[in-house]
Amino acid sequence: MTTKEWNQLRKMLPQWVEESRRHCFDGKVASYIPELSKAPIEALGIHILDGRGNAVSAGDCGLSFTMQSISKVFTLILALIDNGEEAVFSKVGMEPTGDNFNSMLKLELVQPGIPFNPLINAGAIAISSLIAGESSLDKSARVLRFFQLLAGNDSLDYDYDVYRSESETANLNRSMGYLLKDNGVLEGDVEDVLDVYFRHCSISVTCSDLAKMALVLASNGKDPLSGKQLIPRRYVQIAKTFMTTCGMYNASGEFAIQVGLPAKSGVSGGILTMLPGRYGIGLVGPSLNRKGNSIAGVELLQKLSQQLDWSLF
Ligand SMILES: NC(=O)CC[C@H](N)C(=O)O
């Protein structure tokens with residue numbers, strides 16, 4: 001972090017958060033997973049971390065929330081570590097869909113019926129079946145340990161209320177699982193695969209956990225604080241590319257133009273993003289816009305990117 005930028009962030013971030021927070025009431029908190037509807041609509045928090053351990057945060061940074069779709073980036077990476085590129089890309093494609101994250105339209109329409117990419121629900125469910133482990137609980141335990149390692153936080157755990165709430169109501173994801181099984185994409189028992197998926201979506205984090213995980217990606221897989229290479233560089237490259245093309249659902253093109261950073265959002269209102277080589281960023285704002293991204297969070301990132309000239313493009 002250059003001193004000038006650091007000083008500007010320190011000075012301006014609280015004000016930019018408050019300006020962006022006003023947009024919260026133009027959006028809605030997700031309710032299709034009933035437990036998520038309890039999140040505070042007016043909340044907005046952000047944490048920015050650099051490779052020397054300097055951090056700046058503002059707003060509701062103490063809020064815990066579930067990773068939801070943000071987890072898909074890291075299960076993809078674990079599946080790549082476990083199976084290699086060729087095996088993973090025989091089960092999921094590399095293209096954006098332009099459809100909603102939970103659409104199964106193209107699974108039926110486009111042969112050979114494999115998910116278009118690993119960041120839509122169908123793709124992430126297929127990825128869950130590729131995680132190595134003896135049983136679904138064993139696979140989930142490996143995922144949780146991997147996330148703890150990246151976040152540098154051994155106490156990361158599931159939010160069991162959100163896990164149960166999703167598992168009990170996930171009729172659409174369940175149908176997708178069975179269709180994938182029929183298309184020959186899923187390995188193993190469908191309910192077991194779905195359990196791995198619901199569990200990783202329900203891992204509870206704060207903005208600083210997300211910022212730390214993002215910093216590892218921003219540093220090409222190395223934890224700059226410990227100096228350890230936690231993820232092979234190639235797999236980080238793949239993950240960042242998907243985040244740029246598909247990370248903000250079917251608003252990824254607009255986000256690339258307005259913000260210009262690799263990012264991944266979740267229906268809990270979390271966004272993980274980064275300035276490659278410089279910062280890891282974790283943000284939460286549970287009120288969502290029509291495309292399902294944090295409404296105030298996207299506003300805030302737009303402001304940061306424009307004020308500080310962060311776009312990569
Ligand atoms: N977009 C999301 O964050 C979706 C994740 C959520 N667990 C679901 O499957 O619907």
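Visitor: Leaving aside its neighbours within four places in sequence, which residues is Val56 in contact with?

Guide: This is a predicted model. Val56 is in contact with Leu9, Arg10, Leu13 and Ile48, once neighbours within four places in sequence are set aside. Val56 itself is found in strand β3, residues 55–59. It counts as partly exposed because 19 other C-beta atoms lie within 10 Å, and a residue is buried at 20 or more. Val56 and Gln302 are 246 residues apart in sequence. In space, their C-alpha atoms are 18 Å apart.

Next, the helices. Helix α1 covers residues 3–21 and helix α13 covers residues 295–308. Two packed helices are described by the angle between their axes and the distance between the axes. The axes of α1 and α13 come within 10 Å and cross at roughly 145 degrees. The crossing of α1 past α13 is right-handed. From α1, the contact is made by Glu5, Trp16, Val17, Ser20 and Arg21. From α13, it is made by Ala296, Glu299, Leu300, Lys303, Leu304 and Leu308. By class, the residues of this α1–α13 contact are six nonpolar, one polar and four charged.

The segment after α13 holds Asp309. Phi of Asp309 is near 60 degrees, a positive value in a residue other than glycine. Asp309 counts as exposed because it has 9 C-beta neighbours inside 10 Å, and the limit for exposed is 12 or fewer.

Now the wider layout. The chain is divided into domain 1 (3–68 + 204–307) and domain 2 (71–201). Their centres, taken over C-alpha atoms, are separated by 21 Å. Domain 1 gives 28 residues to the contact, and domain 2 gives 30 residues. On the side of domain 1 that touches domain 2, the elements giving two or more residues are β6 (203–205), α10 (207–218) and α11 (233–246). The largest share of that side, seven residues, comes from α11. By class, the side of domain 1 that touches domain 2 has 16 nonpolar, eight polar and four charged residues.

Then the core. The largest nonpolar core has 99 residues. Those with the most contacts inside it are Ile46, Ile77, Ile125, Ala214 and Ala239. Helix α10 supplies the largest share of this core, nine residues. The core draws at least three residues from each of domain 1 and domain 2. Take Ile77: it touches Ile231, Tyr235 and Ala239, not counting residues up to four places away in sequence.

Last, two backbone details. Most residues other than glycine have a negative phi, and most peptide bonds are trans. Gln68 has a phi near 50 degrees, a positive value in a residue other than glycine. Gln68 is found in the loop between β4 (65–66) and α2 (71–83). Gln68 counts as buried because it has 25 C-beta neighbours inside 10 Å. A cis peptide bond joins Gln111 and Pro112, with omega about 10 degrees. Pro112 has its place in the loop between α4 (105–109) and α5 (121–128).

Methods. Residues are numbered from 1 along each chain as its sequence is written. This is a predicted model: local features need pLDDT of at least 70, side-chain atom pairs count only at pLDDT 80 or more; totals for chains, interfaces and linings use all residues. Domain bounds come from an automatic or database domain assignment. Two residues are in contact if their C-beta atoms, placed from the backbone, lie within 7 Å. Helices (H or I, at least four residues) and strands (E, at least two) are DSSP runs, numbered from the N terminus. Ala, Val, Leu, Ile, Met, Phe, Trp, Tyr, Cys and Pro count as nonpolar, Asp, Glu, Lys and Arg as charged, and the others, Gly among them, as polar. A nonpolar core is a set of buried Ala, Val, Leu, Ile, Met, Phe, Trp, Tyr and Cys residues joined through C-beta atoms within 7 Å. Axes are lines fitted to C-alpha atoms, for helices over the stretch in contact, and angles run from 0 to 180 degrees between N-to-C directions. A crossing is left-handed if the near helix is turned anticlockwise from the far one by less than a right angle, and right-handed if clockwise.
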